Amino acid sequence: MSDFLELRHMKANIEQYHILHDITFRVPKGEVTVLLGRNGAGKTTTLRSIMGLNPVVGGSLTFKGESIRNLKPHQIANKGIGYVPEDQGIFYDLTVGENMRVAMKKENGETKARMEWILDLFPDLKKFWNKPGGQLSGGQKQMLAISRAYVNDNELLLIDEPSKGLAPIVVEKVMESIHQMKEQTTIVLVEQNFMMASGIGDRFYIIDDGQTVQSGQMNELKQDGVLLQKYLGIS
Amino acid sequence: MNLRTIEKSTWVYLAIAFLLFVVPFLVTGRSIQFLIIQIFVFGIFAMSYDLLLGYTGIISFGHVMFFGVGAYSTAVLFDRFEPTIFTFGLAILVSAIIAGVVSFIVGILTLRLKSHFYAMLTLALAGLFLVGAEKWRKVTGGSDGFTFGLPDMLRDSFTLYMLSALSLVLLFFGLRRMTKSPFGKVLVAIRENESRTESLGYQVLHYKVIVSVVSGVVASYSGVLYILSLRFVDTSVFATDLTIDVLLMTIIGGVGTLIGPIIGASLIEFAHHWLSDLSDVHWLFERWIILYGTIFILIVVFFPKGIVGTLADRYIRWRARRTE
Amino acid sequence: MDVLVSLAVNGLATGMLIFLLAAGLTLIFGLMDVLNFAHGGLFIWGAYTGVWAYHMTDSFLLGIGTAIVIGLALGLVTERLIVRPVYGSHVQQILITLGFMLVLQECIKVVFGPDQKVVSPPSYLEGSFVVGDIVFINYRLFIIVIGLVIFFAFYYLFKKTRVGLIVRAGVMNKEMIQSLGINIKLVFMLVFMVGAALAALSGMLHAAYSGVIYAEMGLEFSILAFIVVVIGGMGNFKGSLFAALLVGLTQAFMAYYVPALSLATNMLLMAIVLVFRPQGLFALR
């Protein structure tokens, strides 16, 4: 069986600079795969390249056995991939409700059920339903961004640093929600906060200087002090 | 003053300024001198617009009202009082006060809001000034306009040339100083990211209103000079066409550069002058405006930041590559 | 009494014509945030080509159809060649659309000649009828009906679908809206084309209303449309409709009762609205 999402020797540029040299990883269905690495190693660019927001100049990119390398971002999204960018990408002038409505591809019973589920998970969103997205707190923005990606029946979620800039207690809440979504969908998570990542990740890849350099099971990594020290600066 | 602290570009500008004062000794034709005076006048007008659009990011669709205020104040005062140098000074003062008050009120009312509102309110007010000038026949002579006398000194095309050139040079260096000062840096910060500037503790509204007032006063002065060179005033000094012209001059030259608008003013004035003459050459040129419009489109395609802005960008990139 | 009613009908008809032009700009300027000065150019091209087809075939409906088709086609060209490279930059939009406006306006003179053209409504819309002491002019009523139909069609479309939200979201963050699975380029293009078609349609309807068309009328009317979009509250059809009717009615009444001020009406109205209700009559929020 071919893997769910598979990147082989992917290369990508930002303008004329080579940012990604050789990204290779496989994401099995139903698991949480965590991309680790230092700042500027190329984790965000990897996610953007999967979404088609950044031109891929070499290697292959397949989703469910089908190449998505030359597709446009909206086509990739419509294959069933949801994306939560690093800056959350909230539409500031639209209300929380409008942000959700823009994201919902269909308004049928199934989406409504998912919406109910989300609002139970994040009661804040219900509370501030008519408030412009720009006025939400950082944590609320993150919850809204994740909900927007989850409300459609996406088979894969790409989530970029959900803990960034949030208070520890909010981080816990966000991670808890991702943990719950894990039952329904496959997730690729970029995360600097190793404690959080190790809590929900099944498998990890370490990216360094635009290359995937290490991979394995998350619980092995927790034991491997040398690796942690070398690439993540954790001792 | 330590001469070494003066930037290299300042020397270049000073040299160009010097040349401007030499020109009238070489070029003595009245019509060409008149054309150059128009360029100076519109150069000042366009610089005032650049303060708004280029440095602070405020769009105005009624900038012509300040120009018209300057023009009418001068004309009416010369018409009512003895044409002396004193009246001239009074005209500058009166137009500055009216322009200052109007721009202050408009600024206070709309600069808090999104940019469209300043644009639209100025458009509305400029329209009202135009109608006012048409209807207040006793003073303005309505759409027929009126001619008026000037003090002997200002009648001479050479003096007028020198006066306009001096005004342009002084205002250019003055405004350049302002935009390079800490005050100017805040303006650029507002243009780049208004809410961030606000959150850094700057009273964004104050800065915007001040710029609006300075810009209005400078524009009114260009109106004063304009009407001196014409010695005749009518409602065309409030026409929307002039706002469009000044907008084009600023954008074509390059917003946020001050020198760009002056270059833009030269190009547009020359274009008006030469392109409209072409219709005598061939019937096709009767539709010269098509050419004119096409040039705007091409400028956006090839000089997206205006002529000066785009060339400056290229120069910086070229230097960066050389030093690599 | 009869004066009041006929002034009101006049005002409503003028207002509806302004609304039709402003409706296109509500999409292009209000929602997509493009300062499109070429809107008036689309208006005159609608008027001239529509009238040409009407005079050639003697069918008013074919004239309207031609205007709409030309509007869609010119909208496509304008969006792809002129507007697409400058989304997000007002400064560049002003310059390039003004340039294109001049080209459109002068090309009218090249193709159709520089003189004014005389137009009259088709026989079945000409004439008038009398109720009591009041004279109703058929063509004006026709315009009012068309205006209402267009209004309700778009109002419903935007209320019931996500189109309006998608366009606004796309203006705010193009990458994100794509990541949500929306082909925003296509959406922008289609919305622009519809806006252009509305401008062309209003040009054609206006031609038969005023009885005469000339190339310069585009810029005059597009300024009115900008005013209406702003005082209506940017990007909502209800606001644009009310603002347009307000402008039309005020014009009609001022012209009758205070002719001295009629020239200043629009500007005065806009100044008053902006000072007292700067967010527009019907702000989106």
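Student: Across the interface of chain C and chain B, how many residue pairs are in polar contact?

Tutor: Good place to start, and keep in mind that this is a predicted model. Both residues of a pair must reach pLDDT 80 or more to be counted here. The count of salt bridges between chain C and chain B is 0. For polar contacts across this interface, the rule finds 1 residue pair.

Student: Which element of chain C gives the largest share of the side that touches chain B?

Tutor: The elements giving two or more residues to that side are α4 (90-112), α9 (217-232) and α11 (265-276) of chain C. With 15 residues, the largest share comes from α4(C).

Student: How much area do chain C and chain B bury between them?

Tutor: Let's look at the make-up of the interface before its area. In contact are 37 residues of chain C and 33 residues of chain B. The chain C side divides into 30 nonpolar, 4 polar and 3 charged residues, and 87% of the area buried between the two chains is on carbon and sulfur atoms. The buried area comes to about 3,200 Å².

Student: Is Gln38(B) buried or exposed?

Tutor: Gln38(B) lies in helix α2 (residues 30-56) of chain B. Leaving aside neighbours within four places in sequence, Gln38(B) is in contact with Tyr226(B), Ser229(B), Leu230(B) and Glu269(B), and its side chain joins that of Ser229(B) in a polar contact of 3.1 Å. The relative accessible area of Gln38(B) is 6%, which is under 20%, so this residue counts as buried.

Student: Which residue of chain A forms a salt bridge with Lys29(A)?

Tutor: Lys29(A) sits in the loop between β2 (17-27) and β3 (32-36) of chain A, and its partner is 126 residues away, in the loop between α6 (138-150) and β7 (156-160). The closest N and O atoms of the pair are 3.6 Å apart, and the partner is Glu155(A).

Student: Over residues 60-82 of chain C, how far apart are the end C-alpha atoms?

Tutor: The unreviewed UniProt entry annotates residues 60-82 of chain C as one of its transmembrane regions. In the model this stretch is 100% helix and 0% strand, and its end C-alpha atoms are separated by 31 Å.

Terms used: Residues numbered from 1 in each chain as written. Chains lettered and ligands numbered in written order. Predicted model: local features only at pLDDT ≥ 70, side-chain atom pairs only at ≥ 80, totals over all residues. Heavy atoms only, no water. Contact = heavy atoms within 4.5 Å. Buried area = accessible area lost by both parts, 1.4 Å probe. Salt bridge = Lys/Arg side-chain N within 4 Å of Asp/Glu carboxyl O. Polar contact = N/O pair within 3.5 Å; in protein donor to acceptor, adjacent residues only side chain to side chain. Helix = DSSP H or I, 4+ residues; strand = E, 2+ residues; numbered from the N terminus. Nonpolar A, V, L, I, M, F, W, Y, C, P; charged D, E, K, R; others polar. UniProt positions renumbered as here; feature names shortened; annotations may be inferred. Buried < 20%, exposed > 50% of the residue type's maximum accessible area, 1.4 Å probe, protein only.
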